[in-house]
Amino acid sequence: YMVFDEAGAVTKPLQPAFLCNGLTGPLTTSTGWGTITTWNTPTFDQNSDFASGTTFTAPVTGKYFFQVQFQASGHAQDADLEYDMITSNGAFTMYADVAVRNSDGVGTQYSNTAKSVICDMDASDTVYLSQICNPANSTIASGAGATFFSGMLMA
């Protein structure tokens, strides 16, 4: 259903949309190992489509917009950091170019990586995120605002 306010603005309270702002704790990835991201309880999850702290399931067929940001630290300057948004229809990969990032003055490298994508999803298709760090360990920041995942039905 739709709600109209006195100014004519329309809201759709059951329109699929979610925001997971931060992880359940700092995530340390091992060398060359894909780790599925577990998120905090969603800040909001209209229609309750985000489950188990890891996976969004499309309730209806349509075009969905997703956005993700990871902040990482503790990896070697020449490390390869890969983040994958994995959907039922394929994967979207992000890379952090750690070699050109600044350090915090004591030698700890850090990087921010963000991606937005519009996906064609059928009802019951899923999307989740994973990350790989090679050749060294990396810690993904758990704090709200530093690391987040959001999505919504567009059309």
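This is a predicted model: local features need pLDDT of at least 70, side-chain atom pairs count only at pLDDT 80 or more; totals for chains, interfaces and linings use all residues.
Visitor: How many helices and strands does the chain have?

Guide: The chain has 0 helices and 15 strands. Of its 155 residues, 38% count as buried. Among contacts between residues at least 6 apart in sequence, 72% join residues at least 24 apart.

Visitor: Why is Thr37 called buried?

Guide: The relative accessibility of Thr37 is 0%. Buried means under 20%, so Thr37 counts as buried.

Visitor: Where is Thr37 found, and what does Thr37 touch?

Guide: Thr37 is in the loop between strand E5 (35–36) and strand E6 (44–46). Not counting residues up to four places away in sequence, Thr37 touches Leu23, Gly53, Thr54, Phe70, Leu129, Ser130 and Gln131. Thr37 and Tyr83, 46 residues apart in sequence, are 9.9 Å apart in space, C-alpha to C-alpha.

Visitor: Why are Tyr64 and Phe66 called stacked?

Guide: Their ring centres are 6.3 Å apart and their planes lie at 10°. Rings pair if the centres lie within 6.5 Å, and planes under 30 degrees apart count as stacked. Both conditions hold for Tyr64 and Phe66, so the pair is stacked. Tyr64 is buried, and Phe66 is buried too.

Visitor: How many aromatic pairs are there, and which residues do ring pairs link into a cluster?

Guide: The count is 10 aromatic pairs. A cluster linked by ring pairs contains Phe18, Trp39, Phe50, Phe56, Tyr64, Phe66 and Phe149.

Visitor: Which residues have the most contacts inside the largest nonpolar core?

Guide: They are Trp39, Phe56, Phe66, Val68, Met85, Leu129 and Phe149, in a core of 24 residues. Strands that each supply at least two residues of this core include E3 (17–21), E9 (62–75) and E15 (148–153). The largest share, 5 residues, comes from E9.

Visitor: What is Val68 in contact with?

Guide: Leaving aside neighbours within four places in sequence, Val68 is in contact with Trp39, Met85, Met94, Thr113, Ala114, Lys115, Leu129, Phe148 and Phe149.

Visitor: What makes Asp120 and Lys63 a salt bridge?

Guide: Their side chains meet at 3.3 Å, N to O. The cut-off is 4 Å between a side-chain nitrogen of Lys or Arg and a carboxyl oxygen of Asp or Glu, so the pair qualifies.

Visitor: Why are Asp120 and Lys63 called partly exposed?

Guide: Asp120 has a relative accessible area of 43%, and Lys63 has 39% relative accessibility. Buried is under 20% and exposed is over 50%, with partly exposed in between. Both values fall in between, so both residues count as partly exposed.

Visitor: How do you know that Asp125 has no salt bridge?

Guide: The nearest side chain of opposite charge, Lys63, is 10 Å away. A salt bridge must be within 4 Å, so Asp125 has none.

Visitor: Where is Asp125, and what does its side chain reach at 2.8 Å?

Guide: Asp125 is in the loop between E12 and E13. Its side chain reaches the backbone nitrogen of Asp122 at 2.8 Å. Leaving aside neighbours within four places in sequence, Asp125 is in contact with Phe56, Thr57, Ala58, Ser88 and Asn89.

Definitions and conventions. Residues are numbered from 1 along each chain as its sequence is written. Side-chain values use heavy atoms; hydrogens and water are left out. A nonpolar core is a set of buried Ala, Val, Leu, Ile, Met, Phe, Trp, Tyr and Cys residues joined through side-chain atoms within 4.5 Å. Buried means under 20% relative accessible area, exposed over 50%, partly exposed in between (1.4 Å probe, protein chains only). Helices (H or I, at least four residues) and strands (E, at least two) are DSSP runs, numbered from the N terminus. Contact means heavy atoms within 4.5 Å. Rings of Phe, Tyr and Trp (its six-membered ring) pair if their centres lie within 6.5 Å; planes under 30 degrees apart count as stacked, over 60 as edge-to-face and the rest as tilted. Lys and Arg count as positive and Asp and Glu as negative; His and the chain ends are not counted. A polar contact is a pair of N or O atoms within 3.5 Å; within protein, one must be able to donate a hydrogen and the other to accept it, and residues adjacent in sequence count only if both atoms are side-chain atoms.
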